[in-house]
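This briefing walks a new reader through one protein model, topic by topic. Please look over the sequence and the structure before reading on.

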Amino acid sequence: AEIAVIGLGYIGLPTAIMFANAGFNVIGYEIREEVVKKVNSGNSHIIEPEIEEMLKRAIENGNLRATSDKKEIAGKDVYIICVQTPLKEDKTPDLSYLESAVRTTAESMKKGSLVIIESTVPPMTTLKMAKLIEDLTGFKAGEDFYMAHAPERVMPGRIFKELVYNSRIIGGINEKSSELAELLYRAFVKGQIFKTSSTTSEMVKLMENTFRDVNIALANEFAFLAHHYGVNVFEAIELANTHPRVKIHVPGIGVGGHCLPKDPYLLLSSAKEDFGLIKKAREINEDMPLFAKDLLMNSLKLINLPPEEAVVVVLGLSYKGNSDDTRNSPSLKFIEEIKEMVAEVRTYDPYVEGTHGSLEEALKGADAAVIATDHSEFKSLDWQALGGLMRNKILIDGRHVVKEPPKGFIFKGIGRGEC
Ligand code: SAJ
């Protein structure tokens with residue numbers, strides 16, 4: 001079968017590579033021409049373990065090509081839509097990318113094509129998009145073309161392993177659609193494949209990420225309470241987690257990335273009622289950078305340094321450790337919050353361009369360092385030596401990477417019990 005993958009981003013490109021290396025003829029459609037050029041020359045525009053070798057293999061064996069030309073995706077057997085579904089300013093879903101991908105698909109597909117939406121979408125969206133295709137093509141959904149929601153469930157940093165070994169949910173608009181999609185994904189999926197309806201599948205995907213978000217919010221609320229009682233929440237969590245049925249998540253400066261901060265809103269978006277829990281969890285997580293700001297301001301007060309004179313270095317811009325992805329990063333929100341209040345904000349992130357080239361250089365003459373990302377290299381820093389470069393020694397740990405407070409520092413960490 002010939003496959004067109006619409007959108008060569010964090011999910012689309014790895015998915016296109018997997019199908020190409022499983023022997024399919026794959027064309028990736030992407031409107032960003034610089035991405036098309038890069039991919040065709042065998043280079044990935046995203047950082048992910050194994051991606052470079054896997055992409056080179058797919059390009060060299062001739063099974064994968066990228067294009068910005070709609071004509072080249074005409075008449076394919078399968079269309080896999082992997083575009084972003086972000087939120088608008090008012091936190092309602094922005095389905096414009098999805099709709100435009102569906103329109104492109106409708107213009108290109110033939111009778112009998114299978115259309116798969118991998119993007120995370122509000123419940124009922126696949127049915128609505130099937131209707132849109134019917135209107136645009138005159139084809140009958142489930143008879144003249146097939147359609148399914150098959151959400152990705154991979155975690156950045158482990159994409160190529162998880163694509164293969166995770167189980168997969170496939171929600172067809174009818175039985176035949178589910179069966180065809182299952183057959184397709186069997187090409188590389190070694191995990192189980194579960195078939196259901198498209199609306200169930202949409203809800204499952206959103207429930208998974210909402211589960212994680214709400215659990216992190218609970219951990220963050222525990223962290224607040226622990227500060228109130230002067231308890232180190234990490235010790236408390238470790239002890240609570242010795243209970244066989246308790247598994248508390250990790251508190252921190254916030255929840256970033258393309259998925260967790262938005263999926264709870266997608267889940268709520270088509271509902272008549274919301275019961276408060278999911279939204280409240282979102283608010284708790286969205287406010288965590290403010291907690292880090294409070295810890296910083298309290299520390300400055302301790303040394304009587306007016307904030308407007310302070311030089312602050314933020315360590316880590318990406319939303320999670322060992323990643324270059326800064327989408328919805330709590331680190332950026334933290335910087336936004338403090339930048340008008342302090343003299344200077346410097347940034348250092350070994351994975352992110354446009355930040356200081358060296359940590360030493362960034363810390364020179366600074367008053368405070370704030371760790372906002374749990375990159376591996378931040379776990380073994382020699383703060384005694386680094387402190388020597390600083391004008392004042394304040395260290396704020398937003399990700400619990402510094403296990404022992406370094407001597408001579410004013411040290412505060414989210415969840416560490418001191419305000
Ligand atoms: N975080 C915490 N505490 C925790 C766990 C995470 O503060 O205990 C923070 C992280 O620092 C990060 C954010 O949450 O800022 C999200 O990170 P993550 O590692 O939980 O998740 P993502 O966004 O990289 O990937 C998630 C995964 N979903 C689940 O684990 C339920 C992944 O499997 C999904 O495929 C992905 O979202 C997606 O694309 O939807």
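The lining of the largest cavity comprises, by class, four nonpolar, two polar and four charged residues, where Ala, Val, Leu, Ile, Met, Phe, Trp, Tyr, Cys and Pro count as nonpolar, Asp, Glu, Lys and Arg as charged, and the others, Gly among them, as polar. The model is a predicted one, in which local features need pLDDT of at least 70 and side-chain atom pairs count only at pLDDT 80 or more, while totals for chains, interfaces and linings use all residues. Residues are numbered from 1 along each chain as its sequence is written, and side-chain values use heavy atoms, with hydrogens and water left out.

**Cavity and pocket**

- On a 1 Å grid over the protein atoms alone, a cavity is a set of points where a 1.4 Å probe fits but cannot get out, a pocket is an open set with protein on both sides within 12 Å along at least five of seven lines, and lining residues have an atom within 4 Å of a point.
- The largest cavity holds about 60 Å³ of space, and its lining is made up of P151, E152, R153, V154, E162, L163, N166, S167, R168 and V189.
- The second largest pocket holds about 500 Å³ of space, and among its 21 lining residues L87, K91, P261, E286 and N328 lie nearest its centre.
- The lining of this second largest pocket has eight nonpolar, six polar and seven charged residues, with at least two residues supplied by each of the helices α11 (277-286) and α13 (330-338).

**Domains**

- The domain assignment, which is automatic or from a database, gives domain 1 (2-198) and domain 2 (287-413), and their centres, taken over C-alpha atoms, are 39 Å apart.
- Four residues from domain 1 and five residues from domain 2 take part in the contact, contact being heavy atoms within 4.5 Å.
- Each of the two domains also gives at least three residues to the lining of the second largest pocket.

- Beyond its neighbours within four places in sequence, Y185 is in contact with F19, I80, I116, E118, A150, R168, I170 and I193.

Terms used. Grid points are joined across faces, edges and corners, and a volume is the space filled by probe spheres set on the points. Helices (H or I, at least four residues) and strands (E, at least two) are DSSP runs, numbered from the N terminus.
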